[in-house]
Amino acid sequence: MITPKDRGFIHPIASDITPRRVFEQRRRLLQGLAAGAAFGALPLRAEVPRPNKLAALPGAKSAVAGALTMEQLTAYADVTRYNNFYEFGTDKSDPAQTAGTLKPRPWSVVVEGEVKKPQTLDLDTLMKIAPMEERIYRLRCVEGWSMVIPWVGYSLAELVRKVEPTGNAKFVQFISLADKAQMPGIRTSVLDWPYSEGLRLDEAMHPLALLAFGLYGEVLPNQDGAPVRLVVPWKYGFKSAKSIVKIRFVDKQPKTSWQEANAGEYGFYSNVNPQVDHPRWSQATERRIGESGGLFAKRRPTLMFNGYEAQVGQLYAGMDLRKFY
């Protein structure tokens, strides 16, 4: 078993940490009260307590508009055992079973391209660019399932400002680790490796775009994109690059992995739009992972921009969101 010490993390002393069991019970109570007031009482799933296995990563409550949805949280077990991370396999259960080979320490991220201050940042330096915040975001997959996750990180805009993009910078490209020794899925040709994603610069500068280092008050588990990943809550989940090793500022729209694999199904913008169906299934409804009923649980309507339209809709004013999908 890989321990926090093996990864190079320094665990805070016990008096600095809220016990995980207390943290989760308190969070569920608050979420249950708020959700009950807004939507009627919802049954909370009981989760078997587990000991801390990863280093604590606390974050202050975020003041960013839209960053703290009051919906019921998805259970930690579901968040860490039901994953899309093709570098570790194509089945949802594969990453949790095979990602133990990933070594998230030491780690560095190269920032290059159209910036005045290109640099290589080790993980500790990257984590100190801005104070950590807790953001409770919905995350929706194009396959029609969704989760509500308490992420820990800071706005990507903090890093963007630090490296000072030039006037030529129009897009930001994110490149993930591709290492056959650590990632068994890289040995397959399911995608053209390394995994690549991109945002328009103004999307990257939106305060909701998150550079995430943790979830549920701990550092990211390997299968969830350790040690650093992107979370863009108004877009489909595949837009959130995991295990990032390079961030490039470019003047032209960059190629993205899923767009290269099948441009007819996966567009560059990838905004959650229930009015535009995937060619093989509807996007009008979704299944919330962990809700009672499992695969047969009642589906809920999908919201435009995943429910963040009030915060991000202005970014796409005047655009044909059927053409720019």
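1. Asparagine 222 has 5% relative accessibility, so it counts as buried, the cut-off being under 20%. You'll find asparagine 222 in the loop between β9 (218–219) and β10 (229–231). What does its side chain reach? The side chain of asparagine 222 gets to the backbone oxygen of alanine 99, at 2.8 Å. Keep in mind as you read on that this is a predicted model.

2. Next, have a look at strand β5, which covers residues 145–155. How many of its residues are buried? The count is 11 of 11, so β5 is mostly covered.

3. Now for the partners of β5. Strand β4 (residues 133–140) runs antiparallel to β5, and eight bridges join the two. β4 and β5 make a hairpin with four residues between them. In that turn, glycine 144 has a positive phi of about 100°.

4. β5 also pairs with β8, in the antiparallel sense, over five bridges. Here glycine 153 has alanine 212 in β8 as its bridge partner. With strand β12 (residues 285–288), β5 pairs in the parallel sense over two bridges, and serine 146 stands opposite arginine 288 in β12.

5. On to the rings: the structure holds 13 aromatic pairs. One of them joins phenylalanine 85 and phenylalanine 88, edge-to-face, at 4.9 Å centre to centre and with 85° between the planes. Are these two buried or exposed? Phenylalanine 85 is at 2% relative accessibility, so it counts as buried, and phenylalanine 88 is buried too, at 2%.

6. Another pair, tyrosine 154 with phenylalanine 213, is tilted: the centres are 5.5 Å apart and the planes make 40°. This pair links distant parts of the chain, with tyrosine 154 in β5 and phenylalanine 213 in strand β8 (residues 210–215), 59 residues apart. Tyrosine 154 is buried, at a relative accessible area of 1%, and phenylalanine 213 is buried at 1% as well.

7. Ring pairs link Phe171, Phe268, Tyr269, Phe305, Tyr316 and Phe324 into a cluster.

8. Finally, some charges and rings. Which ring does the charged end of lysine 242 sit over? That would be phenylalanine 85, with the charged end 5.4 Å from the ring centre. Elsewhere on your list, arginine 138 lies over the face of tyrosine 308, at 4.9 Å from the ring centre.

Terms used. Residues are numbered from 1 along each chain as its sequence is written. This is a predicted model: local features need pLDDT of at least 70, side-chain atom pairs count only at pLDDT 80 or more; totals for chains, interfaces and linings use all residues. Side-chain values use heavy atoms; hydrogens and water are left out. Rings of Phe, Tyr and Trp (its six-membered ring) pair if their centres lie within 6.5 Å; planes under 30 degrees apart count as stacked, over 60 as edge-to-face and the rest as tilted. Buried means under 20% relative accessible area, exposed over 50%, partly exposed in between (1.4 Å probe, protein chains only). A charge sits over a ring if NZ of Lys or CZ of Arg is within 6 Å of the ring centre and within 35 degrees of the ring normal. A polar contact is a pair of N or O atoms within 3.5 Å; within protein, one must be able to donate a hydrogen and the other to accept it, and residues adjacent in sequence count only if both atoms are side-chain atoms. Two strands pair if DSSP finds at least two bridges between them.
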